[in-house]
Every structure is written in structure tokens, then in C-alpha cells.
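Thank you all for coming. I would like to take a few minutes to walk through one model, and I will ask you to keep the structure in view while I talk.

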Amino acid sequence: MTDHLDNAHLAALPASIDRPLYDRAAITPGIVHLGLGAFHRGHQAVAVDDCLAAGATDWGIVAASLRSPDTRDALKPQDGLYTVVDRDSDGDRFRVIGAILDVLVAPEDPAALVRRMADPATRIVSLTVTEKGYTRRSDGTLDEDHPDIRHDLANLSAPRSTLGFLAAALEARRAAGIAPFTLLSCDNLPANGATLKGLLTRFAALRSDAFGAYVRDHVACPSTMVDRIVPATTDGDRDLVAAALGVRDAWPIVTEPYFSWVIEDDFPLGRPDIRTPGVVFVEDVAPFELMKLRLLNGAHSALAYSGLLLGHDNVAAAFHDPDARAYVDVLWSESAATLPDAGLDSDEYCRRLAIRFGNRALRHKLDQIGTDGSEKLPQRIAMPLAENLAAGRPARAEAMSIAFWIAALERRGAGAFAFTDPRLDRLTALAVNPDAEAAAGDILALLGLGTQLEAARALVAPTLRDIRSDGVREVMRRLVRGG
């Protein structure tokens, strides 16, 4: 099969394939998205595509990769089109998405991305750059010594960092008298909008006091909560999509049917009228975000490391392991105890998560979830662990999650597993320490536990010793039976 998906082949797709029925040539861009990974294309771009299908014409997306050209090289010949496959036990449903109008690669032409963001037509800049894309220190403040930050502060005409690109575009708009765009973080960070606002304000203030005040007083950064499981695409997925469409799609997305996007409604320059089921505009995202971070993301991370240690490679396989499932149930109970009483039903949320985690049709790789643990675990595991310890509540499963991470890092250092981390060399050097007390203490010190560090080590260190001597399965069973 030599033909590939593009505008010219849309009309000839089988009738069973949903595709854009609107005139793509009539769509103009209103959104720039930074971080063109699988999640954006399986989540926010789908919701925007719904909006375009409903008749909007000025909310198309120009997407930018801040690092690799791979996604651009896949999508550009396809006119930005790609396929989303909703997959569960009932089968696959195929849909071609047309919301992405153009794809840029920032390192190839930084000025082109800045010009696009500075264009008055751009009213929203959204982000999925992962936790490490925010260039924060472990305490959450701007890493002012990061090489990219230091470069950008001195050379903002050719930025490298996320914050540098945003600041360059905002400086250009300010100089031209153009109102600032709204910044919409869609990353799994606590209070992601406020977090981004604080980091960008500090970066801007390092440029000048006046610019810092401008960002602080005039740039809207609504917080969001995003929720959809989007595994990495496989060659088998590509072959399946090609068979269904009759043309090749270089980079389709496979995801679950579940979709949730909770958004703080603060858009001074307007926003798309998104009516996709699962999209909710609210005054306060925090309760939704906290529940998702601690119950879904926390359990995902814990299951990634423990599942790999048990010999599994994907979420469903690990979750159907009776010992791992029982462990996750205890973890959910501990983490749910830290959630505020905001009218949300955590028990029902966990019941839904059990269905989603158990979806055998969706092979969400544990190595993918386990990547960047040092960036993810502070908010997913360490924060609820510290809160439970401070309140005198049970926290053994949360502490066990960190012990599993250390054990997985130890195995990773020996050549097992494929997850990565920006601090991998340092972490593995600490994790292989035969003194479990020292290994646990050194790694916990990186997670921001504050005054609960010693209490956490008192739980994590003996658990790590037990994992090393008795194995993961036995440690899980002791937890469940209260031993």
C-alpha cells in the first residue's frame, strides 16, 4: 500500500470511517499548541475537531514540537490528518481528525514559532510538554540555572525552552500593542495554570521588572484537568488503521473511549464553544485535578513499577494480576483519604478506573507510564504520603509505591526495563546501594517530603529490604493481609 492519508483521499475513505466533513481550507488557526505528542492528538485536538465540525471556523490548531521533527515528518505529508481509534472490548471505532492545520519544529526555526504565537489571530496557546518541560527545581520554583533558561534569558530571539518561547511571543505582542493570549496548560501538574503563571512570571521578571509585572497582571493561565489513556502507537496499530482506511497513516492514535477535560473558564480573548461529552468549564478545577492525580496517575505510576517487577508489560496485564490488584485497592483507599470533601465520589471514580485499567484491548505499556518518575511521583505519591503521615493515617501502600520505584530503578541500572528519567544516572546510583536505609533516604530526599521525610523513610526502607529479600508478590500479600 503506497497511498497515504491526506486531503485528497478523505472522500474515498470507507463509509464506516468518521472524517472531517467541514471545509478544512476555510479554517483559520486560533490555537497554537506546544508539545505535539500522542496525548494532545488523542485529547484536546479531538475536542477542537468537534468544535470545527459544529461550524466554528477560526479555532484551527498550529502545533509545534519543541524537540524532535518526527511527528511533523509523519503528519506534514498527510496535511495534518491522522486517525484516532477508540478501543475497548466491543471493538475499534475509527475517526480521522482534521483540527491540526500546520506543524512546526521549534529548533529548526524558533522565530517562525514565535511569529505564529505573536500573531493577533492566536488567542490560546496550549501545552502538553510533560512535567520536565516546565524547567522547575524540586521545590517547584524556576530552575534558573537550567542551561536552556540561562540561554533564553540572554538570547530570547532564539529560545530553546517552553518558557522562553512563551516569553518571546508575549514580549512581541506587548511591543505591538496586542493583548496577550491565554495560556492553557494541559499537563499533569497540581494547579497547572497557577504553576505555569508563577514560573513564567519569574522568568519574565528576570528579563525586567516591567515585563514580570505585565505577565503577572495581564496573562490568563486557567488550570485544567485532563484525563484519557493514550498508549504509544505500535506498528500493529498502523497496520490495523491502514487495513480499515485503505491508505497508510504514519502516526495514528489508539485510545480508550473515556474522555474528560475540566477547564477553569478564564479566556479574555474568547474560547472555542466545545461541547464534547466529558468537557466541563468550571470555576475551580482543583478538586477534579487532585482526585485524578492521586487516584488515576498515582495508581498508574505505582502499577508501572510493581507490574514491571512482577514481569508484566502493560497496565491491563498488571491490573488483572490478583496481588497487584489488591495492592492498588489499598493504595486507592489511602490516597482517597487525602482528598477534600468537594462533592466528588471517589468510590465511583475508582470503580470506573478499575474498568479502564482492566481494558485488555488497550495495551498501555508500563515502561511508558514509568518514564520520568522523579518528575511525576512528588505530586502523585509523595504529597498524599506526607499528608497521611502528618494526619496519622495509614500510608503503607503509598510508601510501598516508592519502594517499588527504587527496586525498579535498581533493576533498570542492571539493564532491565526501558523507562527513562532526566535524573536516571543519579537515581540508579542511589538505588543500587545495598544499604536500604541509605537508598530510601537519599531518594526520598528528592521527592519533597518536607517534615515527613524521616517518617517516610521509616516505612520505605524496611519495605525495600523486604522486596529485595522476599520479592514483590510476598510484600504485596503482607500489605493486604495486614502483616
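I will go through a pocket, then a single arginine, and then a helix.

Please bear in mind throughout that this is a predicted model.

Let me begin with the second largest pocket, which has a volume of about 410 Å³. Its lining is made up of 17 residues, and those that lie nearest the centre of the pocket are R137, S138, D139, G140 and P378.

Now to the arginine, R72, which sits in helix α3, spanning residues 70–75. Is R72 buried or exposed? The relative accessible area of R72 is 16%, and because buried means under 20%, R72 counts as buried. The side chain of R72 makes a polar contact of 2.7 Å with the side chain of D73, and, leaving aside residues up to four places away in sequence, R72 touches P77, V103, V105 and E108.

Finally, helix α16, covering residues 396–413, is 18 residues in length, and the distance from its first C-alpha to its last is 26 Å, close to the 26 Å expected at 1.5 Å a residue. Helix α16 is also mostly covered, with 14 of its 18 residues buried. Just after α16 comes G415, which takes a positive phi of about 105°.

I am happy to take questions.

Methods: Residues numbered from 1 in each chain as written. Predicted model: local features only at pLDDT ≥ 70, side-chain atom pairs only at ≥ 80, totals over all residues. Heavy atoms only, no water. 1 Å grid on protein atoms, 1.4 Å probe; cavity = no way out; pocket = protein on both sides within 12 Å on 5 of 7 lines; lining within 4 Å. Points joined across faces, edges and corners; volume = space filled by probe spheres on them. Helix = DSSP H or I, 4+ residues; strand = E, 2+ residues; numbered from the N terminus. Buried < 20%, exposed > 50% of the residue type's maximum accessible area, 1.4 Å probe, protein only. Polar contact = N/O pair within 3.5 Å; in protein donor to acceptor, adjacent residues only side chain to side chain. Contact = heavy atoms within 4.5 Å. Expected span 1.5 Å × (residues − 1).
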